[in-house]
Amino acid sequence: MPEPSNFRIPIGPQHPALKEPECFSIVLKGEKITSMNVRLGYNHRGIEKACEERTYIQDMYLIERVCGICSHSHATCFVQAVEEIAGLEVSKRAQYIRTLIAELERIHSHLLWLGVAGHEIGFDTLLMYTWRDREGVMDVLAMLTGNRVNYGMNTIGGVRRDVTSEQIPQILSAIDILEERTKYYIQIATEEVTLRERLSGVGVLSHDDAVHLGAVGPTARASAVDRDIRRDDPYAAYGELSFKVITDNHNDVYGRTLVRVGELMESYKMVRQILKNLPEGPIAVKAPRKIPAGEALSRYEAPRGEDVHYVKANGTDKPERVKIRAPTLANVQVVAHMLKDRYLADMPIVIAAIDPCFSCTDRAISVREQGNSTAGTMSWPTLHSYSIDWYRKQGIDFAELNKKFKIRGALK
Amino acid sequence: MSEENDIQQELTGQFSFSIDKVRIQRVRRIFAVIPSEKFAEVFDYAVKKLKFVILAAITGLDEGPTLGFIYHIARENGIVLNLHVSVPKENPVLKTITPYFPAADAYERELVDLLGAKVEGLDAGFRYPLPDDWPANQFPLRKDWKIEMLDKKEVTENA
Amino acid sequence: MAIALFNILIFPGFLFIGVFGMLAEYIDRKLYAMLQNRVGPPWYQPLADFIKLVAKEDIVPEQADARVFTLMPVVALTGTVTAFFCIPLWGTKALFSFNGDLVVVLYLMTIPTMTYFLGGWYSRSVFSMIGAARSITQLFAYEIPLFLCVLAPAMLANTWSLSEMTVYYNSHPWFGLFNIAGFVIALVALLGKLEKVPFDIPEAETEIVAGTFTEYSGRLLALFRMCIDVEMVVGASLLAAVFLPFGMHYGSAVGFGLYLVKVLFVVALLSVLRTIFARLRIDQMISFCWKYMAPAAFLQLLADLIIKGIHAS
Amino acid sequence: MIRPGRMIREVLESLFKKAATTKYPLVKAVMPDKFRGKLKFYPERCIGCKMCMRDCPSNAIIIRKVGEKNFEAEIDLAKCIYCAQCVDSCPKKALESTKEFELAGLDHEKLKVVFSAETEDTVETKA
């Protein structure tokens with residue numbers, strides 16, 4: 001039995017606070033966290049290695065699946081690097097459409113975050129309402145691209161689907177509703193007392209620490225670090241749009257919330273600008289299958305922060321090397337710093353406040369651990385047959401049931 | 001592109017390697033190839049004097065007889081300097097850059113796990129990103145590594 | 001003897017209160033969903049959950065104290081149902097009534113919390129132990145305001161018996177209005193007792209998985225969940241008897257209807273309250289209870305004493 | 001201004017609104033026009049260039065020659081990631097995305113669908 005005043009508790013690999021498997025090992029003294037270790041790597045899927053064995057077109061879809069929420073970010077970042085190596089001139093219209101999808105993705109990601117933040121502090125009502133309103137932007141994305149996530153919008157040399165003139169008023173009306181709702185959420189975030197209590201002064205990251213530890217995205221901007229790739233290193237159509245970079249000096253989770261809702265308002269503005277100034281022209285240029293030898297580094301401001309892709313081509317139709325640096329990898333290292341000497345209860349919201357996306361972070365290789373049948377542990381097949389036996393003893397035979405009832409949803 | 005040219009001039013002026021080793025690929029992108037013995041010096045100069053204060057990433061490459069490492073460092077205004085350094089594969093030793101950038105810890109662990117680099121000054125800690133029971137001397141991002149090289153049983157179990 | 005057994009086991013005993021508890025859970029969940037603009041569960045969902053859990057295997061952790069671990073759900077359920085018998089429901093007389101039963105009811109209603117503590121602690125899982133420690137910490141915060149504001153109407157009625165209190169308030173109906181502040185405080189304290197948002201700290205899902213109940217499964221978990229439902233009904237019945245003692249002298253039929261309405265009204269209020277707040281941290285919860293709730297409860301007590309003084313003179 | 005229970009009005013108003021969620025399997029979900037669902041293959045249009053096979057990121061499609069100018073396609077719905085790159089790659093528009101999305105099943109083998117030109121209409125047979 002552990003010493004009651006000094007617990008070591010595992011948060012993950014499976015834990016309700018985490019939507020993806022990572023392990024935060026926390027040492028507690030009473031309710032206070034005294035130290036913390038982060039163990040990443042549970043989600044490695046070997047994407048970088050796999051990219052070397054596939055063609056550029058195949059890689060595009062693979063990289064889109066690095067992460068579900070910021071799928072357009074990764075795909076665009078990769079495609080931009082490839083286009084730079086191949087020397088392709090992407091049309092203005094394609095650039096604008098890419099930017100449009102990017103901003104819509106930011107809107108959906110930030111609304112998603114707001115809901116998750118609500119859930120982490122036990123405010124499920126906020127989760128339900130933000131996710132309900134998020135459906136508005138999801139519908140727009142589905143209308144434009146066909147799918148709610150993994151849009152498949154990019155291709156090397158442009159985009160795959162055009163924005164038609166009938167779609168524009170629909171997008172604008174959805175954006176109007178979302179803007180109205182976002183104003184309401186800003187009121188909630190600044191006025192609801194329990195929310196303020198749970199967010200203010202939690203997960204403090206000073207300006208100097210944010211710079212020193214290399215925080216990126218809204219996490220850094222909430223500590224008054226004025227960095228945004230969209231402005232500093234403009235790509236796609238961002239050089240032609242006018243927008244503010246939202247920063248905040250609260251340095252805590254409350255500041256991060258304000259930065260994100262502020263960015264939502266900026267994104268609505270940008271979407272309107274893009275739709276107003278959408279240039280005419282082709283949406284894609286023909287890309288060669290074989291990309292000439294060369295290298296390129298592409299940076300992209302994903303909803304979670306700076307996304308970096310490095311691509312090295314060797315003249316064949318397959319890349320020599322693809323390196324992905326997802327924003328969460330830069331941010332996860334500040335979590336341990338922010339949680340020191342804080343309450344256990346603040347742990348979920350502080351981890352959530354960087355908007356972690358561990359699928360993005362881990363990419364390299366996956367090997368399943370061997371299920372060992374030592375005392376106390378059951379391997380998966382043993383457990384499976386054990387459960388069937390147990391139910392059979394209770395008089396429920398799943399094998400018979402399966403035969404009796406046609407399971408709904410089976411292929412017609 | 002005057003600022004990029006200034007950086008190019010300053011680097012070539014300060015260090016005695018020839019100008020064709022520092023290449024301006026496009027606006028805000030500078031690639032430089034640096035001999036490994038000069039690396040610490042150049043890196044220090046780039047970070048402290050030239051104000052490349054953001055670490056974007058570290059890329060590791062398998063270049064046949066050598067392992068290549070590219071340090072992507074950036075200025076606040078978006079200019080990225082890519083410092084390419086190669087070390088022999090038999091003894092791929094690097095010096096850690098965590099004193100400059102604590103966040104480099106994860107990137108360097110990745111080089112250690114996936115490419116078999118030896119990083120001096122990196123403290124022992126958790127592995128990242130491979131599992132703890134990963135066989136020694138198998139580095140998946142090397143070109144000669146194939147999935148079959150893993151213990152067969154481990155891969156097929158539970159599949 | 002047969003009647004007593006019928007009373008204990010069937011009406012208004014275990015069977016009735018179990019069914020009523022499930023109904024209250026359904027109302028709570030459905031209303032919670034509707035307040036969040038969702039469809040919500042169908043009417044049979046609490047029953048389906050119960051049947052599913054009963055059909056599952058009970059797993060007792062190897063390190064847990066098996067006797068305490070398996071005994072606690074039973075003790076919790078028995079304690080709450082016993083409290084139910086002492087509360088006047090649809091008449092002015094409870095099933096078992098004696099002078100001082102108010103204190104006994106309040107005492108019996110702390111039993112579930114104690115069992116959460118013991119069950120969690122003897123699970124020997126870190127999450128359960130933290131949950132157990134939290135539920136006992138929380139107990140000391142909400143119990144004082146709850147006791148004080150339930151005792152205030154008793155002082156006014158000059159009796160320690162719940163049944164006699166309802167008789168008093170039915171003959172002096174306007175006096176019930178003096179206790180509205182107490183009703184609000186008791187409602188908030190009840191949120192703490194039932195471990196609902198914003199006081200669901202002991203079972204905060206995103207922090208400590210399920211707190212006390214992390215290791216519970218199968219029939220034992222079904223009993224615990226049933227106990228929570230029953231606790232909600234008993235708590236609501238207590239509040240209804242103490243703060244809403246109207247129309248209890250019209251006879252059983254009217255009284256029974258009124259009783260259902262009152263209890264479901266309290267349950268609905270609890271649902272609304274748990275919809276609009278975020279979960280507090282344990283330190284914030286304790287300081288809230290001691291800084292605001294306990295003084296407010298004292299004021300209620302003081303007000304009732306003054307009214308009693310004026311009325312007597 | 002800070003006040004507790006800021007959302008109470010919105011929450012109570014919801015009682016009188018239609019729920020935002022639906023009872024999904026009972027109420028059908030409508031897919032957008034550009035939705036990339038289960039693929040459809042037109043054997044008569046196929047020229048056997050196998051560009052779709054080459055570009056497929058997950059090797060889910062196999063084009064087989066079954067006769068003179070006659071090809072059949074085997075699509076593994078379990079492998080397919082529904083990116084519709086094959087639809088873009090096909091020079092003769094022999095492939096098409098449909099709006100069908102409820103493809104879950106219990107038998108992996110049944111998820112391999114073969115499209116061939118054995119009859120006038122495009123028939124779909126299980127492999």
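In strand β3 of chain D, Ala73(D) is the bridge partner of Ile63(D). This bridge belongs to the antiparallel pairing of β2 (residues 61-67) and β3 of chain D, which extends over 6 bridges; two strands count as paired if DSSP finds at least two bridges between them. Helices (H or I, at least four residues) and strands (E, at least two) are DSSP runs, numbered from the N terminus. The model is predicted: local features need pLDDT of at least 70, side-chain atom pairs count only at pLDDT 80 or more, and totals for chains, interfaces and linings use all residues. Residues are numbered from 1 along each chain as its sequence is written, while chains are lettered from A and ligands numbered from 1 in the order in which they are written.

Staying with chain D, the hairpin of β2(D) and β3(D) has 2 residues between the strands, and Lys69(D) takes a positive phi near 50° there. Strand β3(D) is also joined to β5 (residues 112-116) of chain D by 4 bridges, and these two strands run antiparallel. In that pairing, Glu74(D) has Val114(D) in β5(D) as its bridge partner.

One of the residues involved is Glu301(A), whose bridge partner in β7(A) is Glu306(A).

Chain B contains 4 helices and 7 strands. Read from the N terminus, its elements follow the order α-β-β-α-β-β-β-β-α-β-α. Its C-alpha atoms fill a box of roughly 60 × 30 × 25 Å along the principal axes, and 37% of its 159 residues count as buried. Among the contacts in chain B with a separation of 6 or more, 49% come from residues 24 or more positions apart; a contact requires that the C-beta atoms of two residues, placed from the backbone, lie within 7 Å.

Within chain B, 5 strands make an open sheet of mixed pairing, in the order β1-β2-β5-β4-β3. Strands β1 (22-26) and β3 of chain B are the edges, each pairing on one side only. Direction ignored, neighbouring strands of this sheet are turned by 20° against each other on average. Helix α1 (residues 2-14) of chain B packs on the sheet and touches β1 and β2 (29-34) of chain B, with its direction at about 165° to that of β1(B). Such angles run from 0 to 180 degrees between N-to-C directions, and axes are lines fitted to C-alpha atoms, for helices over the stretch in contact.

Turning to the contacts between chains, chains A and B have the most contacts among the 4 pairs of chains that touch. Their contact takes 33 residues from chain B and 35 residues from chain A. On the side of chain B, the elements giving two or more residues are β3 (54-63), β4 (66-74), β5 (80-88), α3 (104-115) and α4 (152-156). Of these, β3(B) gives the most, with 5 residues. By class, this side of chain B has 20 nonpolar, 6 polar and 7 charged residues; Ala, Val, Leu, Ile, Met, Phe, Trp, Tyr, Cys and Pro count as nonpolar, Asp, Glu, Lys and Arg as charged, and the others, Gly among them, as polar. In contrast, no contact joins chain B and chain C, whose closest C-alpha atoms lie 23 Å apart. Chains B and D do not touch either, and their nearest C-alpha atoms are 14 Å apart.

Methods. Buried ≥ 20, exposed ≤ 12 C-beta atoms within 10 Å, placed from the backbone.
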